[in-house]
Amino acid sequence: LKANLGMLLELGQADSSNVYEKDFEQLFLTSTAEFYQNESLTYLSQNTATDYVTKATKRLDEERERAVALALPNSTEGPLQHIAETELIEKHARTLVDMEHSGFASLLRDDTKLEEMGDMYDLFV
(Lines give C-alpha, C1' and ligand atoms only; values in the text may rest on other atoms or scores of the structure.)
Protein backbone atom coordinates (compact mmCIF):
# COMPACT_ATOMS: atom_id res chain seq x y z
CA LEU A 1 0.00 0.00 0.00
CA LYS A 2 2.84 2.36 0.88
CA ALA A 3 4.44 1.77 -2.52
CA ASN A 4 1.13 2.36 -4.34
CA LEU A 5 0.53 5.61 -2.50
CA GLY A 6 4.07 6.71 -3.31
CA MET A 7 3.48 5.87 -6.96
CA LEU A 8 0.31 7.99 -7.05
CA LEU A 9 2.16 10.91 -5.48
CA GLU A 10 5.04 10.59 -7.94
CA LEU A 11 2.70 10.38 -10.92
CA GLY A 12 0.95 13.53 -9.84
CA GLN A 13 4.23 15.38 -9.38
CA ALA A 14 5.63 14.19 -12.70
CA ASP A 15 2.82 15.53 -14.84
CA SER A 16 1.10 17.98 -12.44
CA SER A 17 -2.08 15.91 -12.61
CA ASN A 18 -2.56 15.66 -8.83
CA VAL A 19 -3.68 12.06 -9.34
CA TYR A 20 -3.19 11.28 -5.63
CA GLU A 21 -5.46 14.10 -4.52
CA LYS A 22 -8.09 13.60 -7.22
CA ASP A 23 -8.27 9.82 -7.35
CA PHE A 24 -7.39 8.72 -3.83
CA GLU A 25 -7.19 11.29 -1.05
CA GLN A 26 -10.77 12.60 -0.98
CA LEU A 27 -12.29 9.13 -1.32
CA PHE A 28 -9.99 7.83 1.42
CA LEU A 29 -10.89 10.66 3.83
CA THR A 30 -14.62 10.33 3.13
CA SER A 31 -14.52 6.56 3.63
CA THR A 32 -12.56 6.99 6.86
CA ALA A 33 -15.16 9.42 8.21
CA GLU A 34 -18.00 7.03 7.36
CA PHE A 35 -16.16 4.11 8.95
CA TYR A 36 -15.51 5.93 12.24
CA GLN A 37 -19.01 7.38 12.31
CA ASN A 38 -20.56 3.91 12.03
CA GLU A 39 -18.09 2.20 14.33
CA SER A 40 -18.34 4.84 17.04
CA LEU A 41 -22.15 4.83 17.09
CA THR A 42 -22.31 1.05 17.25
CA TYR A 43 -19.61 0.68 19.88
CA LEU A 44 -21.01 3.45 22.07
CA SER A 45 -24.50 1.97 21.97
CA GLN A 46 -23.23 -1.43 23.15
CA ASN A 47 -20.56 -0.50 25.72
CA THR A 48 -19.85 1.71 28.69
CA ALA A 49 -18.32 5.16 28.35
CA THR A 50 -15.12 3.82 29.92
CA ASP A 51 -14.88 1.03 27.34
CA TYR A 52 -15.56 3.53 24.56
CA VAL A 53 -12.77 5.82 25.79
CA THR A 54 -10.33 2.89 25.72
CA LYS A 55 -11.43 1.96 22.18
CA ALA A 56 -11.31 5.55 20.89
CA THR A 57 -7.85 6.12 22.36
CA LYS A 58 -6.63 2.92 20.69
CA ARG A 59 -8.12 3.97 17.33
CA LEU A 60 -6.47 7.40 17.47
CA ASP A 61 -3.11 5.80 18.24
CA GLU A 62 -3.59 3.33 15.37
CA GLU A 63 -4.31 6.15 12.93
CA ARG A 64 -1.16 8.00 13.96
CA GLU A 65 0.93 4.85 13.59
CA ARG A 66 -0.63 3.99 10.22
CA ALA A 67 0.02 7.49 8.89
CA VAL A 68 3.70 7.14 9.78
CA ALA A 69 3.98 3.57 8.47
CA LEU A 70 2.40 4.53 5.14
CA ALA A 71 4.34 7.82 4.94
CA LEU A 72 1.13 9.72 4.24
CA PRO A 73 1.70 13.27 3.05
CA ASN A 74 0.78 16.12 5.40
CA SER A 75 -2.15 16.96 3.13
CA THR A 76 -3.68 13.63 4.18
CA GLU A 77 -2.30 13.07 7.66
CA GLY A 78 -3.68 16.28 9.19
CA PRO A 79 -7.23 15.89 7.85
CA LEU A 80 -7.17 12.19 8.71
CA GLN A 81 -6.39 12.92 12.36
CA HIS A 82 -9.03 15.64 12.43
CA ILE A 83 -11.64 13.24 11.03
CA ALA A 84 -10.78 10.56 13.59
CA GLU A 85 -10.93 13.06 16.46
CA THR A 86 -14.22 14.52 15.24
CA GLU A 87 -15.95 11.19 14.71
CA LEU A 88 -14.56 9.49 17.82
CA ILE A 89 -14.51 12.34 20.35
CA GLU A 90 -16.24 15.58 19.39
CA LYS A 91 -19.48 14.04 18.16
CA HIS A 92 -19.85 11.94 21.31
CA ALA A 93 -18.45 14.23 24.02
CA ARG A 94 -21.84 15.09 25.55
CA THR A 95 -22.89 11.43 25.55
CA LEU A 96 -19.62 10.39 27.20
CA VAL A 97 -20.17 12.93 29.95
CA ASP A 98 -23.84 12.10 30.53
CA MET A 99 -23.97 8.29 30.15
CA GLU A 100 -25.75 6.78 33.12
CA HIS A 101 -23.48 4.69 35.39
CA SER A 102 -20.33 5.19 33.28
CA GLY A 103 -20.19 8.75 31.95
CA PHE A 104 -17.84 11.39 33.33
CA ALA A 105 -20.58 12.89 35.51
CA SER A 106 -21.14 9.45 37.04
CA LEU A 107 -17.41 8.89 37.53
CA LEU A 108 -17.16 12.15 39.48
CA ARG A 109 -19.44 10.65 42.13
CA ASP A 110 -17.23 7.57 42.59
CA ASP A 111 -13.80 8.20 44.10
CA THR A 112 -12.64 4.71 43.07
CA LYS A 113 -12.83 5.70 39.38
CA LEU A 114 -9.93 8.16 39.26
CA GLU A 115 -8.08 6.25 36.55
CA GLU A 116 -11.17 6.12 34.32
CA MET A 117 -11.72 9.86 34.84
CA GLY A 118 -8.10 10.49 33.91
CA ASP A 119 -8.43 8.42 30.74
CA MET A 120 -11.56 10.32 29.70
CA TYR A 121 -9.92 13.65 30.46
CA ASP A 122 -6.85 12.67 28.39
CA LEU A 123 -9.07 11.75 25.46
CA PHE A 124 -10.87 15.11 25.58
CA VAL A 125 -7.74 17.27 25.74
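This briefing covers helix packing, salt bridges and a surface patch in one structure.

The model is predicted: local features need pLDDT of at least 70, side-chain atom pairs count only at pLDDT 80 or more, and totals for chains, interfaces and linings use all residues. Residues are numbered from 1 along each chain as its sequence is written, and side-chain values use heavy atoms, with hydrogens and water left out.

**Helix 4**

- Helix 4 spans residues 74-88 and has 15 residues. Helices are DSSP runs of H or I, at least four residues, numbered from the N terminus.
- From first C-alpha to last, helix 4 reaches 21 Å, close to the 21 Å expected at 1.5 Å a residue. The expected span is 1.5 Å times one less than the number of residues.
- The buried residues of helix 4 are T76, L80, Q81, I83, A84, T86, E87 and L88. Buried means under 20% relative accessible area, exposed over 50%, and partly exposed in between (1.4 Å probe, protein chains only).
- Their cover includes helix 2 (19-46) and helix 3 (49-69). Contact means heavy atoms within 4.5 Å.
- E77, also in helix 4, is partly exposed at 25% relative accessibility.
- E77 touches A67 and L72, not counting residues up to four places away in sequence.
- E77 and R66 are eleven residues apart in sequence and 9.6 Å apart in space, C-alpha to C-alpha.

**S40 in helix 2**

- S40 lies in helix 2 and is buried, with a relative accessible area of 1%.
- Leaving aside neighbours within four places in sequence, S40 contacts Y52, E87, L88 and H92.
- The S40 side chain reaches the backbone oxygen of Y36 at 2.7 Å.

**Salt bridges**

- The structure holds eight salt bridges. Each is a side-chain nitrogen of Lys or Arg within 4 Å of a carboxyl oxygen of Asp or Glu.
- E39 pairs with K55, the closest N and O atoms being 3.9 Å apart. This pair links distant parts of the chain, with E39 in helix 2 and K55 in helix 3, 16 residues apart.
- E39 is buried at 17% relative accessible area, whereas K55 is partly exposed at 25%.
- K58 and E62 form a salt bridge at 3.9 Å, N to O. Both lie in helix 3, four residues apart, about one turn of the helix.
- R64 and D61 form a salt bridge at 2.9 Å between closest N and O atoms. Both lie in helix 3, three residues apart.
- Salt bridges that share partners join E39, K55, K58, R59 and E62 into one network.

**Helix 7**

- F124 lies in helix 7 (residues 114-124) and is partly exposed at 32% relative accessibility.

Terms used. Helices (H or I, at least four residues) and strands (E, at least two) are DSSP runs, numbered from the N terminus. A polar contact is a pair of N or O atoms within 3.5 Å; within protein, one must be able to donate a hydrogen and the other to accept it, and residues adjacent in sequence count only if both atoms are side-chain atoms.
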